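Take a walk through this protein model, one element at a time. Keep the structure in view as you read.

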Amino acid sequence: MKINTYWPVAMMLALSWLGAAWAEEPKRGGTLVMSVQNTPPHLNPAVQSGTPTGEPGTQLFASPLRYDEGWNPQPYLARSWAVSDDGLSVTLNLVKGATFHDGRPITSEDVAFSVETVKANHPFKSMFEPVERVETPDAHTAVLKLSRPHPALMLAMSSQLLPIIPKHIYGDGQDPKTHPRNSENVVGSGPFKLVEFKRDQHIILERFDDFFIEGRPYLDKIVMRIIKDGSARTIALDNGQVHVSGFELSPLDLLRLGKNPDLDVSGEGYAAIGSIVWLAFNTRRGMTADQRVRQAIAYAVDRDFILRNIMLGTAQAAKTGIHPGSPFYDDSVNGYDLDLDKANALLDEAGYARGADGMRFPLTVDFGWAAVKPYAEYLKPQLKKIGIDVTVRASADFPSWAKRISNHDFDMTMDNVFNWGDPVIGVHRTYSSDNIKKGVIWSNTQQYTNSRVDELTRLAGATYDLDERKKHYAEFQRILADELPIYWLYAAPYHTVSSNRVGNPPNSIWGTSSPLDRVYLKD
C-alpha cells in the first residue's frame, strides 16, 4: 500500500503551511460578517454544484480531505489514507469521535452513503464514475473500490465536492435533490451548524462545539449576507460592515478596495475553481468549422489589450483550457499574440476574399450575461480589421443563452467555465467527443472531435504518476492550441477581500469554498 500521510505528520505540515499566520495566537469568539453573491437553491453540495451552495455548504459539511494553497491534500475527516499499488483501492481512515450536529457518530457508512449520493445526483459525473463500491470493514474505515485508477479522486474528496452527509437523515427514501433537510434543520458534519437560512437575505451559522478538531472553529458565528449587487458589496466592505467577501472580480471594485488601508485584497486561492473566460467556436457549422478561420480570429484579438484596458491588470492570461494555477498548465503553447498580418493571410489562404465593402463574411457572437458583454462587443470593431462582419447577439436571459448554445445554434460565444480542480472533473467535458450532448450546457458544445485528444484524456485520467499526467496534458494542450475549438482569454480574477481584523483569511485552492474553521477575528 502507498501511504499518503498520517495525522501527526499532517499536523506538522499544517503548522508549516500556516507559517507566519500562527505567529499570532488565534483568538476565539466573535461574529464574522461575510458577503455572498447569490442565494443558493439549497445548502447541500452533495447534489448541487456551484459556489452559492459551496460557500455555506463547506461550513456545514466536512469532507474527507482538505487542500492547502500548494495543491497538497491534508487530513480532515480522514486522518489518513492509502492508495493500493494497483491504484484500484483507496482506503480512508476516519477520525474517531466525530459526530454530526445532532450528536450521532460519523461512520464509514455515512462516507459510503455520501459517495453513492454524489455519484447518483451530482452533475459532475466524472468525479466518482470509476467508484464501483465503498466497503466499510469497520466504523472508521472506508475503502473505495475502483474500476480503474482515478487520480482525480483525491481532489473530488475535498471541499464542496464530497460533503459527508448523514445517512440517518438522507437515507429515508426521499429524493436527495429536493429533500426538505437541504435548507431547513440541516444536520451537518462541519465546523458550523445552521441557525437560519432566509432567502435573498442571509445565512446564519454558529460554532459546532463538538467539532472533531479540538478548539475549532475559532469563530462563534458567521453571518453570510446575500448581497447580489457588486457596488453594494464594495460599499459594505469599504465601510467595515462586511469582514470578508470571496469571488470578487470586478476590476474597478478591486482597484477601489485595494486603496483602503484597512482591507486586504488577495488573489491567492481559487485555482481549483479554475474559472476561465473564453471565446468558443462552433466547429461544425459555417466559417468557424475551418481551423484557419478560428486561428485568424485568435490572431486578430488583442488579449493584452483586454488584460490592460478591460481587466485593468487584475487578471492573468490563459493560453489553454487548463487554469494557469494548475500544475498541468503548459505556458509554452502558441498564445496567438496580436498579428493582423497573419490573420489576414490565413483568411486569404482559406479562400475568403474581401468584397467591395472590405468584408469577407459575417459571423455572430453570443453572450449570456452582462459580465462578458464587453468582450463580445470588443470583437465587432476588432474583427472588422480582418474583414469579418460581427453581429453581437444578446439573449433575453441566461436560460435563453444556454438553450441556444447547447443546441449548437451559434457561430461564436463568450463563456466562463470552471476547471473544478482536476482536469478529469472540469476540463475533459469540454473537449471529449463522447460529451457532445445536445441540450446540455457546458458539455462539448463546440462539437469538437479529435481521437488523439480523447486518448490523451483517457491516459491522463488513468494514472497517479504526476509526470506522466503532465506529459499527456502537455500534448493535449498543444493539439488544442493548434486546432483551437476555443480561444482562451484569461483566468477570471477571483479575489478574497478581507478586513485587516480577520486572521487566517482563506487562501487555499478552493478560496472561500473551503472550511473557515481556522479563521478568527483579531479584536
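Predicted model: local features only at pLDDT ≥ 70, side-chain atom pairs only at ≥ 80, totals over all residues.

Strand 14 and strand 19 (residues 486-491) pair in the antiparallel sense, over five bridges.

Is strand 14 enclosed or open to the outside? Strand 14 covers residues 275-281, and seven of its seven residues are buried, so the strand is largely enclosed by the rest of the structure. Now consider the two faces. In a regular strand, side chains alternate between the two faces of the sheet. In strand 14, Ser275, Val277, Leu279 and Phe281 are buried on one side. Ile276, Trp278 and Ala280 are buried on the other. Both faces of strand 14 are covered.

Seven strands form it, in the order 9-10-11-2-12-20-13. The pairing is mixed. Two strands sit at the edges: strand 9 (192-198) and strand 13 (263-266). Each of these edge strands pairs on one side only. Neighbouring strands of the sheet are turned against each other by 20° on average, direction ignored.

Zoom in on one pair within this sheet. Strand 10 (residues 202-207) and strand 11 (residues 221-226) run antiparallel, and five bridges join them. One place to look is Leu205, which stands opposite Ile222 in strand 11.

Helices pack on this sheet too. Helix 2 (residues 51-60) touches strand 2 (31-36), strand 9, strand 10, strand 11 and strand 12 (244-248). The direction of helix 2 makes about 140° with that of strand 9. Helix 6 (residues 230-238) also packs on the sheet. Helix 6 touches strand 2, strand 11, strand 12, strand 13 and strand 20 (495-499). Its direction makes about 145° with that of strand 12.

How many residues of helix 2 are buried? Nine of the 10 are, so helix 2 is largely enclosed by the rest of the structure. The buried residues are Thr51, Thr53, Gly54, Glu55, Pro56, Gly57, Thr58, Gln59 and Leu60. What covers them includes strand 2, strand 9, strand 10, strand 11, strand 12 and strand 18.

Helix 6 and helix 7 (residues 251-258) pack at an angle of about 5°, with their axes 10 Å apart. That angle makes helix 6 roughly parallel to helix 7. On the helix 6 side, the contact involves Gly230, Ser231, Thr234, Ile235, Leu237 and Asp238. They meet Asp253, Arg256 and Leu257 of helix 7. The residues of this contact divide into three nonpolar, three polar and three charged.

Helix 15 (residues 451-460) and helix 16 (residues 466-483) have axes that come within 9 Å and cross at roughly 160°. That makes helix 15 roughly antiparallel to helix 16. The crossing is left-handed. Helix 15 brings Arg452, Val453, Leu456, Thr457, Leu459 and Ala460 to the contact. Helix 16 brings Arg469, His472, Tyr473, Glu475, Phe476, Ile479 and Leu480. Together, the residues of this contact divide into eight nonpolar, two polar and three charged.

Finish with two single residues. Phe197 lies in strand 9. Is Phe197 buried or exposed? Its relative accessibility is 15%, and buried means under 20%, so Phe197 counts as buried. Leaving aside neighbours within four places in sequence, Phe197 is in contact with Thr39, Pro40, His42, Leu43, Ser183, His202 and Ile203.

Lys438 sits in the loop between helix 14 (428-431) and helix 15. Lys438 is exposed, with a relative accessible area of 62%. Not counting residues up to four places away in sequence, Lys438 touches Ser406, Asn407 and His408. Now find Glu214, which is 224 residues from Lys438 along the chain. The C-alpha atoms of Lys438 and Glu214 are separated by 50 Å.

Notes. Residues numbered from 1 in each chain as written. Heavy atoms only, no water. Pairing = 2+ DSSP bridges. Helix = DSSP H or I, 4+ residues; strand = E, 2+ residues; numbered from the N terminus. Axes fitted to C-alpha atoms, helices over the stretch in contact; angles between N-to-C directions. Contact = heavy atoms within 4.5 Å. Parallel < 35°, antiparallel > 145°, perpendicular 65-115°, else oblique. Nonpolar A, V, L, I, M, F, W, Y, C, P; charged D, E, K, R; others polar. Buried < 20%, exposed > 50% of the residue type's maximum accessible area, 1.4 Å probe, protein only. Left-handed = near helix turned anticlockwise from the far one by under 90°.
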